[in-house]
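Dear colleague,

Please find below the structure that I am handing over to you.

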Amino acid sequence: MGEQPIYSTRAHVFQIDPNTKKNWVPTSKHAVTVSYFYDSTRNVYRIISLDGSKAIINSTITPNMTFTKTSQKFGQWADSRANTVYGLGFSSENHLVKFAEKFAEFKEAARLAKEKSQEKMELTSTPSQESGTGDIQSPLTPESINGTDDERVTSEVTANSEPRAEPSQNALPFSHSSAINKHWEAELAALKGNNAKLTAALLESTANVKQWKQQLAAYQEEAERLHKRVTELECVSGQTNVIKSHKTELNQTIEELESTLKAKEEELERLKEEVDNANQLQAQRDSLTQKLQETETRNKDLESQLSELEQRLESSQLEQEAFRNNLKTLLEILDGKIFELTELRDSLAKLIEGS
């Protein structure tokens, strides 16, 4: 199956400035998709992000990595293989917390996978070590092939002494012994020649090993470059699925936003009607307020008129009371005059009668 995306989110991507090691340098102009990928064949977790066709994050998660939350919406981690520090700026704290939880989860999975691989290597290496201990061979040197000078002398002495082991039974003529010595000298010369050839071959093989190591390093670099290229292409392929899923999510979000917009428009129309009704009520209220002010003004005028009338009534009552008192006095005076006139009439009548 290769690598498959197992979790994706969106964030602004930053990298630490390689010169200052302090400032953040943005590697994306806007928020991009950041995904966790899992390679089932190699049992490896990676964080990958693409800006167009360019991989701006390609970080393999190891047990030694740590994701640090430096603020409510920003987090970072160091990648020693890429020799850099990545930073992610999220739109909300929930996205940051979710990303950190996934980082810890996949980091633990990477640790367990590494332990399992080490256990397998130990199990496979233990039998080979046990079988190798019984057949340990010394390095291939000319001395080990042809023997040292002492060993060759010893072998020659042994070879020369073997015919003398049983002189009574295997006594050889002197000429035969001389032939044997020549034979061993010829063998010794041949061994020396072989020794020189093997030494030259060993030196040549050493030079070839160095050359092969250089070629192997070049091949490994080329293989790593090709592997990265293949990974980027796989990321692009995997990213296509992510983009499709994001497109589906965006379509659903657009539909939800359209329905929400329609509901908001209906609510806006209702609010407009309520505002119109409120404006009418406000106009009625202003009209009633004006009428109330006019009524209060008229009321104040009437109160002033009433106060004036009360004052006039009070003064009229006082005048009437004074008039009554004057009239009463006048009546009393009139009664006195009438009484006097009556007495005068009686007196006159008496005078008339007496005369």
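Strands β4 and β5 pair in the antiparallel sense, with six bridges between them. Please keep in mind throughout that this is a predicted model. The two strands form a hairpin with two residues between them, and in its turn Gly52 has a positive phi of about 75°. Asp51 stands opposite Lys54 of β5.

On its other pairing, β4 runs antiparallel to β3, and six bridges join the two. One of the facing pairs is Val34 with Ser49 of β4. The hairpin of β3 and β4 has four residues between the strands, and Asn43 takes a positive phi near 60° there. Is β4 largely enclosed or open? Seven of its eight residues are buried, so β4 is largely enclosed by the rest of the structure.

Strand β3 also contains Asp39. A residue counts as buried when its relative accessible area is under 20%. Asp39 has a value of 5%, and is therefore buried. The side chain of Asp39 makes a polar contact with the side chain of Arg42, at 2.9 Å.

I turn next to β8. Five of the six residues of this strand are buried, so β8 too is largely enclosed by the rest of the structure. Which strands pair with β8? Strand β1 is joined to β8 by four bridges, and the two run antiparallel. Within that pairing, Phe14 has Gly87 of β8 as its bridge partner. Strand β7, residues 74-79, is joined to β8 by six bridges, again in the antiparallel sense. Asp79 stands opposite Thr84 of β8. The hairpin of β7 and β8 has four residues between the strands, and Asn83 takes a positive phi near 55° in it.

The next topic is the nonpolar core. The largest one has 23 residues, and those with the most contacts inside it are Tyr36, Ile47, Ile57, Trp77, Leu88 and Phe99. At least two residues of this core come from each of β1 (3-16), β3 (32-39), β4 (44-51), β5 (54-60), β8 (84-89) and α1 (93-133). Which element gives the most to the core? Helix α1 does, with six residues.

The aromatic rings deserve a separate look. The structure holds 14 aromatic pairs. In one of them, the ring centres of Tyr36 and Phe106 are 4.8 Å apart and their planes lie at 65°, so the pair is edge-to-face. This pair links distant parts of the chain, since Tyr36 lies in strand β3 and Phe106 in helix α1, 70 residues apart. Tyr36 has 0% relative accessibility and therefore counts as buried. Phe106 is buried as well, with a relative accessible area of 7%.

A second pair is formed by Phe67 and Phe103. Their ring centres are 5.5 Å apart and their planes lie at 35°, so the pair is tilted. This pair also links distant parts of the chain: Phe67 is in the loop between β5 and β6 (68-69), Phe103 is in helix α1, and the two are 36 residues apart. Phe67 is buried at a relative accessible area of 14%, and Phe103 is buried at 2%.

Finally, some values for the chain as a whole. The protein chain has four helices and eight strands. From the N terminus on, the order of its elements is β-β-β-β-β-β-β-β-α-α-α-α. Of its 355 residues, 17% count as buried. Among contacts between residues at least 6 apart in sequence, 53% join residues at least 24 apart. The chain exposes about 27,100 Å², and carbon and sulfur atoms supply 55% of that area.

Yours sincerely,
A colleague

Conventions: Residues numbered from 1 in each chain as written. Predicted model: local features only at pLDDT ≥ 70, side-chain atom pairs only at ≥ 80, totals over all residues. Heavy atoms only, no water. Core = buried A, V, L, I, M, F, W, Y, C linked by side-chain atoms within 4.5 Å. Buried < 20%, exposed > 50% of the residue type's maximum accessible area, 1.4 Å probe, protein only. Contact = heavy atoms within 4.5 Å. Areas by Shrake-Rupley, 256 points an atom, 1.4 Å probe, with all protein chains shown as cover. Phe/Tyr/Trp six-rings, centres within 6.5 Å; stacked < 30°, edge-to-face > 60°. Pairing = 2+ DSSP bridges. Polar contact = N/O pair within 3.5 Å; in protein donor to acceptor, adjacent residues only side chain to side chain.
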